[in-house]
Amino acid sequence: MSYKRILLKLSGEALMGNKQFGIDNDRIAIYAKEIKEVVETGVQVAIVIGGGNIFRGIQAVEGGMERTQGDYMGMLATVINSMALQAALEAINVETRLQTAIEMKEIAEPFIKRKAVRHLEKGRVVIFGAGTGNPFFTTDTAASLRAVEIEADVILKGTRVDGIYTADPEKDATATKYATVTFEEVYQKGLSVMDMTAFTLCNENKLPIIVFDMNTPGNLKKVIAKDSKIGTLVEF
Ligand code: GTP
C-alpha cells in the first residue's frame, strides 16, 4: 500500500539546476511534472522548499549580518521558490494552495492547519512557505513541523544524494548506502540526515523519513510506491 499523505521537502539549491543562482525553469518544470504524477495516483502532497538558491542566511551572518535578519531574508527566499513551484504546477493544471508562516495576505493564504488539511483532502497540493516563521530554525525543521501538524505518513527529503551513507560518499569511496536505518542508529552513529531539531521532531512524533535523490526522474513515484531500492528509510 502506498502512502496516503506525504510531505515533500525540496532543497532550494536543487532548483538552480545548472545555473549558479536563482531558478532554472526546466528543473522546476520537471519537479512539477513528477509531483503531478504522484498527485494523480491519489496521494495527498504537501511541500516545503528551501531558499538557498536565492539567499543563504549563514553566508550573510559570516559577512556580518545579524542572524535573525539573515534568517528572515531566507524565509522570504522560500516564499519566492514556493510561488515559482506553485506557478509551475498550475501551468500543468495541478491545483495548489500556498500558505505562509509569515502573513503576506496579498500573495498567499496564512498558514492554517485545518485549512491545509481540507485542501489536501480535496486533492490540492499545499505548499508551505516562509519556513516556521521564526529565525534559528531551518526549512528541514519547518518540513518536520508541518508534516507532524498535518499528520503526514512520511517526510520525503529530496536531495542530491540517493540516501544515507555510512560516510560522506562525496569524500569517502568506501561509503555504502543504508536501505533502512533506525532513528537510534542515526543518533548513535552521528549520521547526517537533517539538523537535530528537525530530526528530533520526527523522532518524537514517530514520523518516518525517507532521504532520496529527487533529481533522478521517476524516483519520487517509486519512493511513494515504497520501492525499497530507492533512498534510505529512517524508521523506528
Ligand atoms: P474551499 O473553497 O474551502 O475548498 O477552498 P478555497 O481555497 O478554494 O477557498 P477560498 O475562498 O479560501 O480561496 C479561494 C482562493 O483564494 C484560493 O486560490 C486561495 O489560495 C486564495 N486565498 C484564500 N485566502 C487567501 C489569503 O488570505 N490571501 C491570498 N492571497 N489568497 C487567499
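Student: What covers the buried residues of α5?

Tutor: Keep in mind that this is a predicted model. The cover over the buried residues of α5 includes β1, β2, α3, β5, β6 and α7 (196-204).

Student: What makes α5 "largely enclosed"?

Tutor: Eight of its eleven residues are buried, so the helix is largely enclosed by the rest of the structure. The buried ones are T139, D140, T141, A142, A143, S144, R146 and A147.

Student: Take S144, then. Why is S144 called buried?

Tutor: Buried means under 20% relative accessible area. S144 comes out at 0%, so it is buried. This residue sits in helix α5, which spans residues 139-149.

Student: Which residues does S144 touch, not counting those up to four places away in sequence?

Tutor: I155, M194, A198, L201, C202 and L207.

Student: What about the other end of the scale: why does F136 count as exposed?

Tutor: The cut-off for exposed is over 50%. F136 has 53% relative accessibility, so it counts as exposed. You'll find F136 in the loop between β5 and α5.

Student: How far apart are R67 and P135 in sequence and in space?

Tutor: They are 68 residues apart in sequence, and 7.6 Å apart in space from C-alpha to C-alpha.

Student: On to the sheet. What is the order of its strands?

Tutor: Nine strands run β4-β3-β5-β2-β1-β6-β8-β9-β7 in an open sheet, with mixed pairing.

Student: What makes β4 and β7 edge strands?

Tutor: Each of them, β4 (109-110) and β7 (180-182), pairs on one side only.

Student: How do you know that β3 and β4 count as paired?

Tutor: Two strands pair if there are at least two bridges between them. β3 and β4 are joined by two bridges, running parallel, so that pair meets the cut-off.

Student: Which residues touch the most other members of the largest nonpolar core?

Tutor: L8, I35, I47 and L156, out of 34 residues. At least two residues each come from β1 (5-10), α1 (25-40), β2 (44-49), α3 (67-91), β5 (125-129), β6 (154-159), β8 (209-213) and α8 (219-224). The largest share, six residues, is from α1. Apart from this core lies another one, of 29 residues, among them L7, F183, I209 and V211.

Student: What is L156 in contact with, leaving aside neighbours within four places in sequence?

Tutor: I6, L7, L8, K9, I210, F212, L220, V223 and I224. In the sheet, L156 stands opposite I210 in β8; β6 and β8 pair in the parallel sense over five bridges.

Student: Last one: how do the lining residues of the second largest pocket divide?

Tutor: Six are nonpolar, four polar and two charged. The lining consists of Y3, A179, T180, I210, V223, K226, D227, S228, I230, G231, T232 and L233. Lys and Asp count as charged, so K226 and D227 are the two charged ones. About 180 Å³ of space lies in this pocket.

Terms used. Residues numbered from 1 in each chain as written. Predicted model: local features only at pLDDT ≥ 70, side-chain atom pairs only at ≥ 80, totals over all residues. Heavy atoms only, no water. 1 Å grid on protein atoms, 1.4 Å probe; cavity = no way out; pocket = protein on both sides within 12 Å on 5 of 7 lines; lining within 4 Å. Points joined across faces, edges and corners; volume = space filled by probe spheres on them. Helix = DSSP H or I, 4+ residues; strand = E, 2+ residues; numbered from the N terminus. Buried < 20%, exposed > 50% of the residue type's maximum accessible area, 1.4 Å probe, protein only. Contact = heavy atoms within 4.5 Å. Core = buried A, V, L, I, M, F, W, Y, C linked by side-chain atoms within 4.5 Å.
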